[in-house]
Amino acid sequence: MTAQTPGTPLGAWLADLDDRGLIRLLELRPDLSQPPPGTIAALAARATSRQSVKAATDGLDFLRLAVLDALLVLHADTAAVPVEKVTDMLGDRVETAVVLAAVDDLRERALVWGEATLRIAPEVASGLPWYAGQAVLEPTDLTAEEIAARVDALDDAPRELLARLLEGSPMGRTRDAAPDSPPDRPVPRLLAAGLLRRIDDDTVILPRLVGQALRGEVPGPRELTKPELAVTTTTVADVDAVAAGAAIDLMREVDLIIETLGAAPVPELRAGGMGVRDVKRLAKNTGIDEPRLGLLVELAAAAGLIASGMPDPDPGDGTGPYWAPTVAADRFLESPTAVRWHLLATTWLDLPARPALIGTRGPDGKPFGALSDSLYSTAAPLDRRLLLTVLADLAPGSGVSAEDASRAMIWQRPRWAVRLQPATVSDLFAEAHALGMAGRGAISTPARRLLAGDADEDVLAAMNKALPKPLDHFLLQADLTVVVPGPLERDLAEELAQVATVESAGAAMVYRISEASVRHALDAGRTAGELHAFFEKHSKTPVPQGLTYLIDDVARRHGQLRVGMASSFVRCEDPALLAQAVASPIVARLELRTLAPTVAVSQAPIADVLGALREAGFAPAAEDSTGAVVDIRARGARVVAPSRRRVYRPPSPPTPQTLAAVVAVLRKVAAGPFSSIRLDPATAITQLQEAAIAQTSVVIGYVDPAGVATQRVVSPINVRGGQLTAFDPAAGRVREFAIHRVTSVVSADSD
């Protein structure tokens, strides 16, 4: 068979595939089975439609797209091309066996069909991120610096020509493309500089690498084999330790955000999201820098830990809704570290937003706001998984820079090149490190298991193994600080947080014990004896004498005034101290009234009375109806449930059983009375396109949706998206016909 023959029609080629081949095709291109095609002809028509071809080429690497590019250059969209021509065209850049393996993969996807000779659908050209020939006919040795130097050497006229080609189509028509054109004109000068490529005497094109450099992108891909990356090597244990440390910091900061928003919910903007000032205020209150804070609030919202709604208790200022923690946040705070990490890690993988954009300005000059819809991107989850896939393909413990990761990702998905530039990948890398998905540029073991789809139990086990063993001790210092050299056991951490405040966060945390923090512990119901025993038991260093004196001194003064419900009352065993408290100017506004030498009452809420007494310098304690000291601090505002969560759910692929059933139906239809009729939609499209160009009429065989077969004389106008637009003289109007229902195409002028 020569290159001038049309070759085997796709419908006939698909009909000759075995069931395994058809099922594999439907696995690789799930859109072909949704909804199930009725016939092999319908399957072939759908497989060659523009929408399906674009979806199929979206996940191809540079080598496979280059093979398709070569086939387009060889005109395999109109006639069969010997495989040898493809290998000869690419043979100086990659081994023949590699090219043949790529062809086999494209056959499985029905983007290429045939054996010794190959065919492709005309719509393949729309699936390439460049014009046909730009991957296989253009030189690849120009660097971005060389391109910039050549552009800098130009004067205004050639630069303006490049700008026009960059803004519009890279292909231009000109009389100056011929070899004998005057060399001082802009087009010949650009051709001589390698900044344009001649297609024919009337046509030039802006080379792919030149266009990328002019747009500020990193030119590439260049090579047809996977790029060699500069790899740094460390131990898996070191990577996991760094990732575990990041996970601990992540949990601490998310807890802090939940606590802060619970104490002071943030109003939601009318357009949605958080205001710039509110984000700055939240960053100041939590001590988390704004870029990282943006990532954390996006994660918390997507995980259902914070949401927009009317919190309980209501802030009462008449505005709203507010961003506040949800009731699910309380369960999150009580969960083990590995479980909490797993929730945030899976949320990040599927987060349909780009948190790194927060604070930057869009094309309209407006800043991207936290939790706003302007951050929405269904491509973001795909980019994150691609980054982790590139890292997972390296040897365990091997890491790469963001620049090298970008190069590898663009090679894997050339159609995504614009959004996979080094700056964007650097942001993704920062997120991965912040989530504990990566450490030192390498993927962590828990992330590797999560990416591979392992069971949740295995992922949690990997993270538990990576996390340092919780400590049951800390180190007391003479300056009343507490050094914690690692994560504490949960109960111990909660007890320490009652009596000390965080002064420095990190891998080794530092707490500060003060009069206020000791009073806080006593307010929560702890006694001086319990505090002494607590520090004696858990400190690996001697308890400073100053801490003992501080606890005893605060405890001696604490609780002499007792506040209860009247609306509230104040009780004190020392009449003089009670009289002093009632007479205080700060407390006087509460209108305390003495009922007895040791009891006073007020109509103000108990929290207001406690606050006023503390502001006046006293150390009151709250008590319940039995006289026991209780902690009445507010637990923080909560919204009942997320009112809006931005969730990205990729379509679920059909199951093997479903695909087998689809193929069984196709076989049953093919065994019917019309099984000998094999329609190649690609051939029909070609014939109809030729008729439209020649403005000639054709007779088409057509099966309508009801299954009625007819023949119609039509005048084709165009063929696009699997539809024929043609004038139907019988109906007297322009109509559309589905290509997969066309059973034959014959010229109306033929005998």
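Predicted model: local features only at pLDDT ≥ 70, side-chain atom pairs only at ≥ 80, totals over all residues.
Biologist: Why is leucine 371 called buried?

Modeller: Buried means under 20% relative accessible area. Leucine 371 has 1% relative accessibility, so it counts as buried.

Biologist: What makes the backbone of leucine 371 stand out?

Modeller: Leucine 371 has a positive phi of about 65 degrees, although it is not a glycine. Most residues other than glycine have a negative phi. Leucine 371 sits in the loop between helix 17 (337-349) and helix 18 (379-392).

Biologist: Glutamine 695 also has a positive phi without being a glycine. Is glutamine 695 buried or exposed?

Modeller: The cut-off for exposed is over 50%. Glutamine 695 has a relative accessible area of 73%, so it is exposed. Its phi is about 55 degrees. Glutamine 695 lies in the loop between helix 31 (681-694) and strand 24 (698-703).

Biologist: What makes the bond between glutamine 34 and proline 35 a cis peptide bond?

Modeller: The omega value: it is about 0 degrees. Most peptide bonds are trans. Proline 35 is in the loop between helix 2 (19-28) and helix 3 (40-47).

Biologist: Which residues does the cis bond with proline 221 involve, and where is that proline?

Modeller: Glycine 220 and proline 221 are joined by a cis peptide bond, again with omega of about 0 degrees. Proline 221 is in the loop between helix 12 (208-214) and strand 7 (232-233).

Biologist: How do you know what span is expected of helix 18?

Modeller: The expected span is 1.5 Å times one less than the number of residues. Helix 18 has 14 residues, and 20 Å is expected. From first C-alpha to last, helix 18 reaches 20 Å, close to that expectation.

Biologist: What makes strand 14 and strand 16 edge strands?

Modeller: The open sheet has four strands in the order 14-15-17-16, with antiparallel pairing. Strand 14 (475-476) and strand 16 (501-504) each have a single partner strand, so one side of each has no neighbour in the sheet.

Biologist: How do you know that both faces of strand 3 are covered?

Modeller: In a regular strand the side chains alternate between the two faces of the sheet. In strand 3 (residues 117-120), Thr117 and Arg119 are on one side, with Leu118 and Ile120 on the other. All of these are buried, and both faces are covered.

Biologist: Which strands does strand 3 pair with?

Modeller: Strand 1 (residues 81-82) joins strand 3 through two bridges, running antiparallel. There, proline 82 has threonine 117 as its bridge partner. Strand 2 (residues 112-113) also joins strand 3 by two antiparallel bridges. Tryptophan 113 stands opposite arginine 119.

Biologist: How many residues lie between strand 2 and strand 3 in their hairpin?

Modeller: Three residues. Glycine 114 is in the turn, with a positive phi of about 110 degrees.

Terms used: Residues numbered from 1 in each chain as written. Heavy atoms only, no water. Pairing = 2+ DSSP bridges. Buried < 20%, exposed > 50% of the residue type's maximum accessible area, 1.4 Å probe, protein only.
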